[in-house]
There are 2 protein chains.
Amino acid sequence: MPRESNLKRREPTTTFEAPELMFAELDGLLGYLLRRAQGAMHRDFMAAVSDFELTQKQAAALWLIQANGGVSQVEVAAALGMDRATMMAVTDRLEDRGFIIRKRSSVDRRRQELYLTPSGQSTLKKCKARIAEHEEKFREMFTASELAALLEALKKFQTLS
Amino acid sequence: MPRESNLKRREPTTTFEAPELMFAELDGLLGYLLRRAQGAMHRDFMAAVSDFELTQKQAAALWLIQANGGVSQVEVAAALGMDRATMMAVTDRLEDRGFIIRKRSSVDRRRQELYLTPSGQSTLKKCKARIAEHEEKFREMFTASELAALLEALKKFQTLS
């Protein structure tokens with residue numbers, strides 16, 4: 001069983017009058033708390049970038065392609081931990097919207113290079129400003145040392161996947 | 001812009017030979033790291049409970065219904081931060097599989113009470129054992145105080161949603 005338990009009833013956090021249910025240690029589970037935290041941040045992200053209609057995955061792909069012009073789809077997928085089908089859907093969508101272009105490599109004809117278009121550049125720039133505000137809203141709940149510890153802790157999860 | 005930056009290149013963590021891409025501070029974003037951490041833990045959760053074919057949401061709903069026999073669908077949805085449509089899909093699925101039953105309240109005829117069936121009880125019991133092992137795998141990456149700080153930090157996110 002988990003080492004830490006939390007039998008205390010949870011404070012209602014929604015505007016809906018939530019009854020105080022017994023959580024029976026569910027809300028002491030790392031997996032449960034991580035999923036709820038991600039849910040909260042995901043909802044806020046979607047609201048923050050709603051003008052651009054970009055998902056977290058699409059925004060992350062745009063971000064990486066900008067920083068690594070000419071990168072391949074497989075490389076972006078590996079760096080972001082996405083499977084190939086998901087990455088294919090992401091790049092197709094970004095290409096359809098005119099944010100990226102695929103170019104065949106002049107060195108290796110089998111390789112397709114990804115680049116941001118001017119429209120992709122401009123959208124990402126505006127999007128990054130919104131993401132910075134969204135980030136700040138969550139970051140400011142923590143002291144600098146709490147935040148540093150949290151970021152380090154979150155990085156460790158990827159070593160187990 | 002985010003206060004903390006992380007320009008250092010990321011270590012490849014997959015078996016695929018990932019090229020070292022420039023992350024341009026993407027991997028210093030709380031939102032990005034939280035999504036990746038949740039992705040890693042979600043994949044491991046699904047593998048851990050694969051015998052039972054339960055999603056995180058279905059398992060959490062079973063868990064809460066067990067701890068609060070007679071609870072209503074709306075109450076479980078509020079406690080777990082799910083919208084009504086999602087909760088409806090979850091309870092329909094759990095009922096179809098014979099894990100829960102809906103019973104009309106004898107006090108308030110408009111209210112439907114949820115209970116675990118013996119099959120739901122037995123499945124949840126086995127599932128909890130697997131979840132405990134899955135939790136432990138991630139918990140043991142941290143010292144007791146690191147873990148306590150991480151759980152506290154994750155709880156704070158719900159106050160912003």
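In the predicted model, Lys137(A) is partly exposed, with a relative accessibility of 37%. Its salt-bridge partner is Asp44(A), and the closest N and O atoms of the two side chains are 2.7 Å apart. Asp44(A) is buried because its relative accessibility, 14%, falls under the 20% limit.

Over all chains, 18 salt bridges were found. Side chains of opposite charge can pair when their charged atoms come close. One of these salt bridges is formed by Lys156(B) and Glu146(A), with 3.8 Å between the closest N and O atoms. Lys156(B) is located in helix 6 of chain B and Glu146(A) in helix 6 of chain A, so this pair joins two chains. Both ends are partly exposed: the relative accessible area is 30% for Lys156(B) and 36% for Glu146(A).

Within chain B, Arg111(B) is bridged to Glu75(B), the closest N and O atoms being 3.1 Å apart. Arg111(B) is in the loop between strand 1 (100-104) and strand 2 (112-116) of chain B, while Glu75(B) is in helix 3 (residues 73-80) of chain B, so the bridge ties together parts that are 36 residues apart in sequence. Arg111(B) counts as partly exposed at 25% relative accessibility, whereas Glu75(B), at 17%, counts as buried. In chain A, a network of salt bridges with shared partners is made up of Asp92(A), Glu95(A) and Arg102(A).

Two lysines of chain A were found over aromatic rings. The charged end of Lys103(A) sits over the ring of Tyr115(A), at 4.8 Å from the ring centre. Lys128(A) lies over the face of Trp63(A), and the distance to the ring centre is 4.3 Å.

The search for ring pairs gave six aromatic pairs over all chains. In one of them, the ring centres of Phe142(A) and Phe157(B) are 5.9 Å apart and the planes meet at 45 degrees, so the pair is classed as tilted. This pair crosses between chains: Phe142(A) is in the loop between helix 5 (118-139) and helix 6 (144-157) of chain A, and Phe157(B) is in helix 6 (residues 144-157) of chain B. Phe142(A) and Phe157(B) are both buried. Ring pairs also bring in Phe138(A), which forms a cluster with Phe142(A) and Phe157(B).

Helix 5 of chain B (residues 118-139) was examined for its span and its buried residues. The helix contains 22 residues, and the distance from its first C-alpha to its last is 31 Å, close to the 32 Å expected at 1.5 Å a residue. An α-helix has 3.6 residues a turn, so residues three or four places apart point the same way. The buried residues of helix 5 of chain B are Gly120(B), Thr123(B), Leu124(B), Cys127(B), Ile131(B), Ala132(B), His134(B), Glu135(B), Phe138(B) and Arg139(B). Elements of both chains contribute to covering these residues. From chain A, the cover includes helix 1 and helix 6. From chain B, it includes helix 1 (30-48), helix 2 (56-67), strand 2 and helix 6.

Definitions and conventions
Residues numbered from 1 in each chain as written. Chains lettered and ligands numbered in written order. Predicted model: local features only at pLDDT ≥ 70, side-chain atom pairs only at ≥ 80, totals over all residues. Heavy atoms only, no water. Phe/Tyr/Trp six-rings, centres within 6.5 Å; stacked < 30°, edge-to-face > 60°. Helix = DSSP H or I, 4+ residues; strand = E, 2+ residues; numbered from the N terminus. Buried < 20%, exposed > 50% of the residue type's maximum accessible area, 1.4 Å probe, protein only. Lys NZ or Arg CZ within 6 Å of the ring centre and 35° of its normal. Salt bridge = Lys/Arg side-chain N within 4 Å of Asp/Glu carboxyl O. Expected span 1.5 Å × (residues − 1). Contact = heavy atoms within 4.5 Å.
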